Amino acid sequence: MDAYPINSVSHPTDEMEMVIDAQARKPSVAGTVDKPVIQERVWGHAARVDPTVTYEEYIYWAKIEREIEAEEEKKFRAEHGKFPLIELIKGKLSSEGRARLKQEKAERSMVLQSAIESNSAPLSSEKKAGGEINYASPTSEYVDPLKATDAEWRTAARAMRTASWGQMFFLITTDILGWSGAPFVFAGVGYGAGVALYLIFGAFATFSGWCIWKVYLELDSSRYPMMSYGDPFFRLFGKKSRHFINVAQCLQQFLTVAVLILSKTTNISQISKRTVCFSGMMAVVLAIGMISGIIRSLTKIGWLSNAAVFMNIANFLIIMIAAATYEPLYEAVTRSTLIKTIEPIVVFAGQPPDRYQQQVPGFASQFNAVNTMVYAYAGALLFVAFLAEMRHPMDFWKGLFCAQAFICIIYLLFGVFVYSFWGQYSANNIVNVIRPYNLQTAGNVLTMLTGFIAVFMYFNIGMKTLYLEVFQAIFNFPPISTRKGKIAWYCLGPIYWILAFVVAASVPNISGIVSLVGAVFMVNFTYSFPGMLMLGHKIQMAAALPGEGFNPYTRVTTRLDTGMKRWARGFKKSWKWSAPLLLYVLLGLACCGMGIWAAIEGLISIFGPGGTVATAWGCEAPV
């Protein structure tokens, strides 16, 4: 079988141009092949989505990157010494180590400036026959791929990668930890299933994080860095999959903003003792959110995230004290759930009877609990961004395992503790069930403050993702940093908030929206999609035949075949990994489907006869 040298591949399943550029290989008089003319590619952020780079080239440079990182880590440990455990967990060095690291950063900055100056000549592009584009440097001479300027660019590209695995522990914990829904899960499924499901889904969430980490190590390099969740999909399945992931991410963050608008309005309503119109208060939250749209950089409010951590700890303690000391506020449950009678508090080891279900009776109640649980474990969306900040990404697994174990323990302790005291009245919006009023108000104020911080950040991240990955990438909007880009940002921001307000006002039920968002997006981003990444990577790795691969000197990738035949061969050769991964993905998709059904059934029940007192666009508060 003949070998097909590939100069440009959008992704492995596309129809490929099996054409060798006439300028790339020049036959000599003796009939041999001379050293080719190399067209130099752009490095860095632009290279992330360069369609001319093949999967094999990503693998080649990632392998070199990991080897260099391993050597650099040995040198770093030798120079900075071994730290006490507490310093390692905090991700900090001794005063001497910090001074040395500061000096190293200054040196890297000098290298960056030098690299920019030496590579400041504009890059030109030339269209070849067949529609392919060669990105060329000012000179088209052959360049050694390991030349000195490559080393300079690598040093510059890694100048900001300083995070340790200890810092990953805190980032992952801050990103994922959301304990308030844990008692609601136990109220829906009982002690036994609650503990089992939290352990199982926690283990699966950890496995998903491990999949993302392994794929990142195999595909990321300073030459072609990965910065977002869509990047590995682009490299494994093509640009359409990246657009799909980015649009899904935008929708998920948009609905998260809608959930936060609704929950913050509920806090205000309880503080005011329901003396204000609920939809009117949502409009106030909308106005505050629209004003926050003037913030285009999170660095200006970064200090608030640190304050939010301490507010969350205080709120956590308030709820546990209230649960152990006082009865729940029954009215908050009877107004917003299917439970309409006040009975003695009961707890169950197994599935609670339908009369004690808050959102939906029967089998669907279990999936509603699962949706809430998945929402609590969601966070894998940011793992690629976290890895891009690490000095030694091979250590990410340490922070991942420690963070997931800590999060699981917190969920179990808090959920079991509150459910043991409040039983069937352990609502999803647990702060609203606190009594007396003074303690409830303290909890509502803290929840409202941390919620507004979250609203600002989710809006900023969601809107920025929407602008960069959809409006700018697909519709050619100007960059945010330009004058026209700023105007576009300030015009699109209010539209974003108004649409989120419309969703929140139309479906004024926190548990229902949380369940729906968890089913549609969180299940897939946390479980199905990471499994797809690992599955695609394993198949492509196994599909390689002798004689195939990437040649760094000719920049040519050779494959003997393409299409479904190649994918089928890869699956068969890697079946020990591929079959379980395919099952994992299918189970995740099944969970998504069942979860959507349960969420819709829950919303139908809660807004039907005997459901919540709140109505779409009404003044009546749900609690």
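This is a predicted model: local features need pLDDT of at least 70, side-chain atom pairs count only at pLDDT 80 or more; totals for chains, interfaces and linings use all residues.
E69 and R66 form a salt bridge. Their closest N and O atoms are 2.8 Å apart. Both residues lie in helix α1, which covers residues 55–80. Three residues separate E69 from R66, about one turn of the helix.

## Salt bridges around R566

The whole structure holds 14 salt bridges. In one of them, E548 pairs with R566, and the closest N and O atoms are 2.8 Å apart. This pair links distant parts of the chain. E548 sits in the loop between α17 (510–543) and β4 (549–551), while R566 sits in helix α18. The two are 18 residues apart.

R566 also meets D561 in a salt bridge, at 3.0 Å from N to O. Salt bridges that share partners join E56, E548, R559, D561, R566 and R569 into one network.

## Helix α18 against helix α19

Helix α18 spans residues 564–573, and helix α19 spans residues 575–606. They pack at an angle of about 100°, with their axes 5 Å apart. That angle makes α18 roughly perpendicular to α19, because 65 to 115 degrees counts as roughly perpendicular.

On the α18 side, the contact is made by G570, F571, K572 and K573. On the α19 side, W575, S578, A579 and L582 take part. By class, the contact has four nonpolar, two polar and two charged residues.

## Helix α9 against helix α15

Helix α9 covers residues 278–292, and helix α15 covers residues 437–472. Their axes come within 10 Å and cross at roughly 50°. This makes α9 oblique to α15. The crossing is right-handed.

Which residues of α9 and α15 meet? V285, I288 and S292 come from α9. F452, F456 and F459 come from α15. The residues of this contact divide into five nonpolar, one polar and no charged.

Conventions
Residues are numbered from 1 along each chain as its sequence is written. Side-chain values use heavy atoms; hydrogens and water are left out. Axes are lines fitted to C-alpha atoms, for helices over the stretch in contact, and angles run from 0 to 180 degrees between N-to-C directions. Helices (H or I, at least four residues) and strands (E, at least two) are DSSP runs, numbered from the N terminus. Angles under 35 degrees count as roughly parallel, over 145 as roughly antiparallel, 65 to 115 as roughly perpendicular and the rest as oblique. A crossing is left-handed if the near helix is turned anticlockwise from the far one by less than a right angle, and right-handed if clockwise. Contact means heavy atoms within 4.5 Å. Ala, Val, Leu, Ile, Met, Phe, Trp, Tyr, Cys and Pro count as nonpolar, Asp, Glu, Lys and Arg as charged, and the others, Gly among them, as polar. A salt bridge is a side-chain nitrogen of Lys or Arg within 4 Å of a carboxyl oxygen of Asp or Glu.
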